[in-house]
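Try each one before reading its solution.

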Amino acid sequence: MNDSPETPDLPWVDVAKAVCIFLVVLMHAELQIEAAGWVDHEKIAATWRVINEFLRPMRMPTFFLVSGVLAAASLRRDDPDARRKRYVRPLYLYNLGRRL
C-alpha cells in the first residue's frame, strides 16, 4: 500500500502485482511437482504445462509494468528524503554485503 498522502491508492495495482506473483509461484510449483512425481496423470501435468506456457510471456512483464507505474511517481518526487532512500540505503547495504 501507498503511505504517501499526495498519491492516491490504486487498488488495481496491488491486485495486478499479487496476481503476477501468484502466477510465478504457480510456475515454480509446476516445476517442483513435476520433478517430485506427485502428478499421477500425464493429462493433468500436460494441461498444467500448457497453461504455464500460455502465461509465461505475461507474468514478469506485467509485474514490472505495474511496478513502473508506482516507481514513476516516486522518481518525479523531489524531496531530499526520497533521494536518500533511493541512493544512500542501497550503497549502505552494498558495502555491508561486501564486508560480510
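**Exercise 1.** Work out whether Arg56 counts as buried, partly exposed or exposed, and find which side chain meets Arg56 in a salt bridge.

Start with accessibility: Arg56 comes out at 38% relative accessibility, so Arg56 is partly exposed (buried is under 20% relative accessible area, exposed over 50%, partly exposed in between, with a 1.4 Å probe and protein chains only). Keep in mind that this is a predicted model, where local features need pLDDT of at least 70, side-chain atom pairs count only at pLDDT 80 or more, and totals for chains, interfaces and linings use all residues. Residues are numbered from 1 along each chain as its sequence is written, and side-chain values use heavy atoms, leaving out hydrogens and water.

Next, the partner: Arg56 and Glu53 meet in a salt bridge at 2.8 Å, N to O (the rule is a side-chain nitrogen of Lys or Arg within 4 Å of a carboxyl oxygen of Asp or Glu). Glu53 is partly exposed too, because its relative accessibility is 45%. Both residues sit in helix H2, three residues apart, about one turn of the helix. The salt-bridge count for the structure is one.

**Exercise 2.** Find the nearest side chain of opposite charge to Arg59, and say how far away that side chain is.

Finally, check the surroundings: a polar atom of the Arg59 side chain lies 3.5 Å from the backbone oxygen of Leu23.

Conventions
Lys, Arg positive; Asp, Glu negative; His and termini not counted. Polar contact = N/O pair within 3.5 Å; in protein donor to acceptor, adjacent residues only side chain to side chain. Helix = DSSP H or I, 4+ residues; strand = E, 2+ residues; numbered from the N terminus.
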